[in-house]
Amino acid sequence: MKTCLGIELGSTRIKAMTIDEGFQPVSSGDYTWASRYKNGVWTYPLEEVWTGLKTALSQVEGREDIAAMGVSAMMHGYLAFDKDWKLLTPFRTWQNTITGPAAAELTELFGFNIPQRWSIAHLYQAVLNGEAHVPQIAHITTLAGYVHYMLTGVNAVGVGEASGMFPIDSAALGYDAGMLAKFSALPKVEALPWKLEDLLPKVLTAGESAGMLTESGAALLDGLLVPGIPFAPAEGDAGTGMTATNAVAPRTGNVSAGTSIFSMVVLEKPLEKVYEEIDLVTTPAGAPVAMVHCNNCTNDTNAWVNVLGEAARLFGANPDSGELYTKLYEKSLEGEADCGGVLVCNYLAGEGVTHMDAGRPLAVRTPEANFTLANFFKAQLYATMSTLKIGMDILAEEGVAIDSLTGHGGLFKTPVVGQSYLAAACGAPVACMETAGEGGPYGMALLAAYMLRKAEGERLEDFLGKRVFAGSAGTTVQPSAALAEGFNTYIRRYKALLEVERAAVEHL
């Protein structure tokens with residue numbers, strides 16, 4: 001039996017997963033890593049990419065039977081190389097909020113929101129800063145694009161991934177030509193020895209062939225995979241998340257929740273205004289998508305779970321990590337709908353949606369608050385999606401219709417809990433499939449399967465809806481009126497808490 005392999009280089013884990021001909025997970029492996037804050041920049045060393053990939057792949061069984069594969073990774077960010085593909089400056093990840101002037105100027109120039117984490121914002125900020133490496137640039141790409149190139153020799157990314165580098169023309173399925181021309185005409189860009197279109201990777205859409213594993217690529221993996229395996233176009237975690245949740249058709253959406261949290265809602269028509277809080281990207285097939293991306297999700301919760309586990313060990317208990325999360329998540333259901341006056345701001349990093357350049361995690365309560373474990377942990381979980389709600393409320397005001405949202409990622413591993421809170425926050429039914437915890441590598445494996453097995457002319461949404469997810473098991477939670485009212489009360493207090501957060505960033 002032949003399998004398809006999906007690789008994802010996420011924020012906290014590098015993961016590899018194979019799926020069988022029935023699109024079910026077969027075998028997987030992973031490697032834990034973490035970003036580092038060096039010289040004012042969130043980064044990862046590229047050497048660790050290869051250590052992590054080899055570790056994850058070594059755990060995957062049946063590697064000799066892989067028929068197709070693909071690479072996904074955290075979107076956006078900045079990897080700049082010279083003509084020999086030598087890295088010119090350390091990898092700048094999506095977590096960084098250091099490109100404010102560039103993002104603001106480009107947003108005004110294009111009449112299109114350019115978030116701080118996008119590759120073009122990082123590039124232009126480097127231009128504005130007069131950084132020494134800028135004239136030497138021959139290639140800029142993303143983490144997924146870099147790994148794909150090193151393994152295949154093909155400098156290309158999927159359209160969804162490309163849409164986090166530079167705005168995409170969904171009709172032409174390529175970079176927006178008018179915006180490229182505007183960028184090239186900027187005074188500080190005109191004088192440089194390159195044109196932006198020559199730096200960017202080629203754009204491919206889902207289903208296209210994107211090369212195959214070369215001899216040199218296989219050598220980078222110490223022979224764990226055999227040369228000749230066909231590759232699907234490299235995608236970002238947003239595109240693979242949409243694929244993994246069957247959310248690529250209009251009026252559908254998904255929410256990916258792990259280290260970061262973001263929603264992707266496929267649009268029926270363009271938004272009326274430009275919003276700094278809303279990114280406009282695409283599905284892996286090139287359809288327009290409104291994205292609300294928040295840098296902070298579960299990191300602060302994870303820290304509190306570790307502390308509570310440490311407290312349990314003082315009394316001789318040694319709870320399994322998964323059991324500890326499950327018990328605390330379920331305990332939160334006993335909390336009051338508005339968390340009893342307990343508030344949490346979970347910002348470890350800056351947050352573009354709320355215009356924060358840095359973060360200071362806070363737990364705050366008024367003297368009369370009902371400070372219980374259930375209320376505290378419910379506030380923790382509300383905090384993971386509060387910033388997302390601020391962005392989703394903008395889409396609601398724009399009249400964007402959402403028939404359903406599908407949740408995936410670690411926040412949804414415990415049944416019902418995360419779904420219930422997200423449904424209350426967004427006012428839409430939230431579904432979770434059995435593969436909810438799999439996320440990116442599963443979605444990338446599906447894109448590899450689509451490239452290999454699609455019928456002639458078969459659209460991605462039909463392949464997913466009729467062949468992959470038809471009759472798939474899962475649960476759907478409808479919005480609770482009581483929880484929605486409580487969450488709205490919480491979010492009003494949360495917005496006030498953000499002023500406390502600003503003061504904490506300024507003074508601590």
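A: A crossing of two helices is called right-handed if the near helix is turned clockwise from the far one by less than a right angle, and left-handed if anticlockwise. Helices (H or I, at least four residues) and strands (E, at least two) are DSSP runs numbered from the N terminus. The model is predicted, so local features need pLDDT of at least 70 and side-chain atom pairs count only at pLDDT 80 or more, while totals for chains, interfaces and linings use all residues. Residues are numbered from 1 along each chain as its sequence is written, and side-chain values use heavy atoms, with hydrogens and water left out.

The crossing of H1 and H4 is right-handed. From H1 the contact takes in Leu46, Val49, Trp50 and Leu53, and from H4 it takes in Leu143, Tyr146, Val147, Met150 and Leu151, where contact means heavy atoms within 4.5 Å.

Helix H11 (residues 299-313) and helix H13 (residues 373-397) have axes that come within 9 Å and cross at roughly 155 degrees. That makes H11 roughly antiparallel to H13. On the H11 side, Asp300, Thr301, Trp304, Val305 and Leu308 meet Leu373, Phe376, Phe377, Gln380, Leu381 and Thr384 of H13.

Helix H3 (residues 119-129) is a case where burial can be followed along a helix. Nine of the 11 residues of H3 are buried, so this helix is largely enclosed by the rest of the structure; buried means under 20% relative accessible area, exposed over 50% and partly exposed in between (1.4 Å probe, protein chains only). The buried residues of H3 are Ser119, Ile120, Ala121, His122, Leu123, Tyr124, Gln125, Ala126 and Val127, and their cover includes helix H2 (100-110), strand E8 (139-141), helix H6 (177-184), helix H7 (187-190) and helix H8 (196-199). Just after H3, Gly130 takes a positive phi of about 70 degrees.

The strands come next. Seven of them form an open sheet of mixed pairing, in the order E16-E17-E15-E14-E20-E21-E22, and two strands count as paired if DSSP finds at least two bridges between them. Strand E16 (279-282) and strand E22 (474-477) stand at the edges with a single partner strand each, so one side of each is left without a neighbour in the sheet. On average, neighbouring strands of this sheet are turned by 25 degrees against each other, direction ignored.

Strand E21 (residues 430-433) can be followed in both directions across this sheet. With E22 it pairs in the antiparallel sense over four bridges, and there Ala431 stands opposite Thr476 of E22. With E20, strand E21 runs parallel and is joined by two bridges, and Ala431 is the bridge partner of Thr406. Val430 and Cys432 point one way from E21, whereas Ala431 and Met433 point the other way, and all of them are buried. Helix H10 (residues 237-244) lies across several strands, among them E21, strand E20 (404-408) and strand E15 (261-266), and it runs at about 65 degrees to E15.

Across the pair, Ala16 stands opposite Gly29 in E3. Tyr31, which lies in E3, is buried with a relative accessible area of 18%, and beyond its neighbours within four places in sequence it is in contact with residues including Thr12, Ile14, Glu48, Thr51 and Thr55.

Finally, Phe487 has its place in helix H17 (residues 481-507) and is buried, with a relative accessible area of 0%. Leaving aside neighbours within four places in sequence, Phe487 is in contact with Ala337, Tyr382, Met385, Ser386, Lys389, Tyr421 and Ala425.

Methods. Axes fitted to C-alpha atoms, helices over the stretch in contact; angles between N-to-C directions. Parallel < 35°, antiparallel > 145°, perpendicular 65-115°, else oblique.
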